[in-house]
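Hi everyone, thanks for making time this morning. Please have a look at the structure on the screen, and then I'll walk you through a few parts of it.

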Amino acid sequence: MQMARVIGDVVATMKDAALAGHKLLVLQPITPDRQPAGRTLVALDAVGAGVGEHVFFVRGREASYPFLPAETPTDACVVGIVDRWDVDGVRS
Amino acid sequence: MQIARVIGTLVATQKHEKLHGGKLLLVQPLTLEDAPRGVPLLAIDAVGAGVGEKVLVVIEGRAAGDAVRRKAAPVDAAIIGIIDRVTLDEGASAAGRDSHARERRGAKGQS
């Protein structure tokens with residue numbers, strides 16, 4: 001999984017039926033010292049995350065697992081909201 | 001699998017139910033010369049690794065789910081081993097071998 005900051009959301013009225021009712025979030029992956037780490041992406045939300053929050057997300061087929069047994073076409077899904085993290089003894 | 005160093009811990013009370021009870025660790029993938037390679041990842045721990053340890057990380061969803069024995073868990077990275085030693089042959093980088101030798105000497109020197 002990778003850490004990210006939620007920087008926005010996406011509204012798409014016309015979309016795959018299996019995505020109806022799910023929130024689409026814009027994520028900026030980050031390093032533990034809050035630097036951008038790669039391209040932004042859009043992910044489904046499985047935990048009720050909001051803009052500005054630090055989250056972590058899963059990629060690939062496993063991104064569809066939170067919505068089983070529905071087969072949801074997604075390759076990224078937010079699966080946790082970060083309370084805090086510690087690197088080398090320094091708390092963020 | 002990838003070799004990585006555990007660089008930290010992460011707490012997330014609000015997370016998918018299949019992740020509850022699992023330890024989440026921040027890991028930095030390494031080259032064979034122990035230099036950072038790429039961005040740090042968050043992995044679920046299946047072997048009881050601690051910060052500072054060098055570990056084996058599987059970065060593929062199905063394997064990661066198998067490692068933590070949870071079916072249909074939304075995970076794509078798991079720590080599946082703690083590394084004791086990496087040995088490279090004569091043709092591999094001398095810098096890599098030297099760094100491992102230095103680590104062992106350093107560890108022995110500590111009281």
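Let's start at the second largest pocket, which is lined by A:Arg61, A:Glu62 and A:Tyr65 from chain A, and by B:Gly61, B:Arg62, B:Gly65, B:Asp66, B:Arg70, B:Lys71, B:Ala72 and B:Ala73 from chain B. A word on terms: on a 1 Å grid over the protein atoms alone, a cavity is a set of points where a 1.4 Å probe fits but cannot get out, while a pocket is an open set with protein on both sides within 12 Å along at least five of seven lines; a lining residue has an atom within 4 Å of a point. How much space lies in the second largest pocket? About 210 Å³, where grid points are joined across faces, edges and corners and the volume is the space filled by probe spheres set on those points. Its lining splits into 3 nonpolar, 2 polar and 6 charged residues. In that count, Ala, Val, Leu, Ile, Met, Phe, Trp, Tyr, Cys and Pro are nonpolar, Asp, Glu, Lys and Arg are charged, and the others, Gly among them, are polar.

Before we go on, please keep in mind that this is a predicted model, where local features need pLDDT of at least 70, side-chain atom pairs count only at pLDDT 80 or more, and totals for chains, interfaces and linings use all residues. Residues are numbered from 1 along each chain as its sequence is written, chains are lettered from A and ligands numbered from 1 in the order in which they are written, and side-chain values use heavy atoms, leaving out hydrogens and water.

Now the two chains. Chain A has 0 helices and 7 strands, while chain B has 2 helices and 6 strands, in the order β-β-β-β-β-α-β-α from the N terminus. Helices (H or I, at least four residues) and strands (E, at least two) are DSSP runs, numbered from the N terminus. The C-alpha trace of chain A spans about 45 × 25 × 20 Å along its principal axes. Buried residues account for 49% of the 92 residues in chain A and for 45% of the 111 residues in chain B. Buried means under 20% relative accessible area, exposed means over 50%, and partly exposed is in between, with a 1.4 Å probe and protein chains only.

Next, find strand S5 of chain A, residues 76–81. Is S5(A) enclosed or open? It is largely enclosed by the rest of the structure, because 6 of its 6 residues are buried. Look at its partners, remembering that two strands pair if DSSP finds at least two bridges between them. S4(A) runs antiparallel to S5(A), with 5 bridges, one of which links A:Val58 to A:Cys77. On S3(A), residues 41–45, the pairing with S5(A) is parallel, through 2 bridges; here A:Leu44 partners A:Cys77 and A:Asp45 partners A:Val78. S5(A) also reaches across to chain B, where 2 bridges join it in the antiparallel sense to S2(B), residues 14–15, and A:Gly80 partners B:Lys15.

S3(A) is mostly covered too, with 4 of its 5 residues buried.

What about the inside? In soluble globular proteins, nonpolar side chains tend to be buried together. The largest nonpolar core here holds 30 residues, of which A:Met1, A:Phe56, B:Leu10 and B:Ile44 touch the most other members. Such a core is a set of buried Ala, Val, Leu, Ile, Met, Phe, Trp, Tyr and Cys residues joined through side-chain atoms within 4.5 Å. Among the elements giving two or more residues to it are S4(A) and S5(A), together with S1(B) and helix H1 of chain B. A second, separate core has 13 residues, including A:Val6 and A:Leu41.

Finally, some loops. Between S4 and S5 of chain A sits A:Pro69, joined to A:Leu68 by a cis peptide bond with omega about 5 degrees. A:Glu71 is in that loop between S4 and S5 as well, and counts as exposed because its relative accessibility is 73%. A:Glu71 lies 53 residues from A:Ala18 in sequence, but their C-alpha atoms are 7.0 Å apart in space. Over in chain B, B:Asp34 has a positive phi near 70 degrees without being a glycine, in the loop between S3 and S4.
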